[in-house]
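Visitor: I'm new to reading protein structures. Could you walk me through one?

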Amino acid sequence: MDRMELEAFVAVADELHFGCAAARLHRGQPTVSDAVRRLETTLGGRLFDRTSRRVSLTVLGEELLPDAHATLAQLRRFEQRGRSLAAGGRGRTTLVVGHAEYTDYQLLLRCLPRLRERFPDVMIVPEAMPTTAQVTALRAGTINLGIGWATGDVTGARATPLSTERFMALVPASHPLAGHDHLSASELSTTGLLTWPHQINSGLCDRLLSAFRIGGADLRIIRTADSVQAIAAHVAAGTGIGITVESAMDHEPPGLRIIPLTGPSTTADQVVLTPAEPSDAATALRNLLLHSSAEPPRALISQAPAAT
């Protein structure tokens with residue numbers, strides 16, 4: 001088993017498309033396919049179900065994906081620590097901070113400079129990582145703090161709520177729904193939706209599914225993307241309506257409207273995750289995040305189309 005095999009597994013799991021995974025890794029598609037096959041041979045089971053039309057994770061793939069993320073994070077941490085030691089930084093400790101896609105990255109950016117002032121000898125290493133992988137990495141001690149979404153199993157870690165985020169719809173300005181101030185699940189029933197993959201943010205997916213079930217609506221996800229920017233691009237291209245969370249949007253993309261969803265289960269809790277016994281630096285960052293999240297939120301201004 002080598003690093004390329006793990007990177008290929010994670011990329012295909014995130015993209016659910018071998019071509020997109022290859023482009024993300026800057027590799028040829030046969031190279032990525034071969035790496036996944038080698039890993040499956042080593043493990044003795046299939047990680048993906050493949051058809052001519054779709055790729056999906058098997059039960060084995062779902063179970064091992066958080067461990068793959070945690071292992072890659074440990075490898076990156078090893079490299080960074082090795083470079084630091086080679087450069088003479090023997091007195092420095094490392095704080096690895098996992099952050100899930102769609103969380104309020106601006107919040108983390110506001111807090112990290114303050115943390116550096118208080119702990120100048122600590123090397124801070126941000127790591128993009130799904131929430132489930134963060135919990136696994138916290139248990140293994142490969143990260144020191146995580147920012148993610150409320151999820152069911154956080155055994156071995158402590159989840160502290162940071163904020164409650166509303167689900168938001170990204171709608172083309174020319175769409176019939178663009179003039180609404182709010183949208184309900186029933187108004188989006190049977191509409192083609194674009195949102196995050198379940199394996200990246202299972203807690204968010206489960207919460208969104210709950211909103212549609214409670215509203216008696218049909219949740220029809222036609223495409224997933226691992227970044228808000230990718231969702232916005234597909235919406236602008238006319239693929240469908242995007243679903244994201246409020247904190248992930250710091251501006252309204254040109255030609256699109258951001259409209260809040262209303263109704264039961266149309267919010268999700270963003271949490272900070274720490275081990276049972278966090279370090280001083282991890283405790284300080286957790287407190288900075290909690291304090292900063294309590295500050296008045298920025299205004300996200302969305303203008304309805306002008307009447308004609």
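Predicted model: local features only at pLDDT ≥ 70, side-chain atom pairs only at ≥ 80, totals over all residues.

Visitor: Okay, which residues does Ser56 touch, not counting residues up to four places away in sequence?

Guide: Ser56 touches Leu16, Leu47, Phe48 and Asp49. You'll find Ser56 in strand E2, residues 55-57.

Visitor: Is Ser56 buried or exposed?

Guide: Buried means under 20% relative accessible area. Ser56 has 15%, so it counts as buried.

Visitor: How do I check the length of H1?

Guide: The expected span of a helix is 1.5 Å times one less than its number of residues. H1 covers residues 3-15, and its 13 residues should span 18 Å. The end C-alpha atoms are 18 Å apart, which agrees.

Visitor: What caps the N-terminal end of H1?

Guide: Asp2 does: one of its side-chain oxygens lies 3.2 Å from the backbone nitrogen of Met4.

Visitor: And how many residues of H1 are buried?

Guide: Ten of the 13, so H1 is largely enclosed by the rest of the structure. Among them are Met4, Leu6, Phe9 and Asp14.

Visitor: Now the strands. In which sense do E3 and E4 pair?

Guide: Strands E3 (residues 93-99) and E4 (residues 122-128) pair in the parallel sense, over seven bridges. For instance, Val97 has Pro126 in E4 as its bridge partner. Between the two strands the chain runs through helix H5, residues 105-118, and this β-α-β crossover is right-handed.

Notes:
Residues numbered from 1 in each chain as written. Heavy atoms only, no water. Pairing = 2+ DSSP bridges. Helix = DSSP H or I, 4+ residues; strand = E, 2+ residues; numbered from the N terminus. Right-handed = clockwise from strand over helix to strand, strands pointing away. Buried < 20%, exposed > 50% of the residue type's maximum accessible area, 1.4 Å probe, protein only. Polar contact = N/O pair within 3.5 Å; in protein donor to acceptor, adjacent residues only side chain to side chain. Contact = heavy atoms within 4.5 Å.
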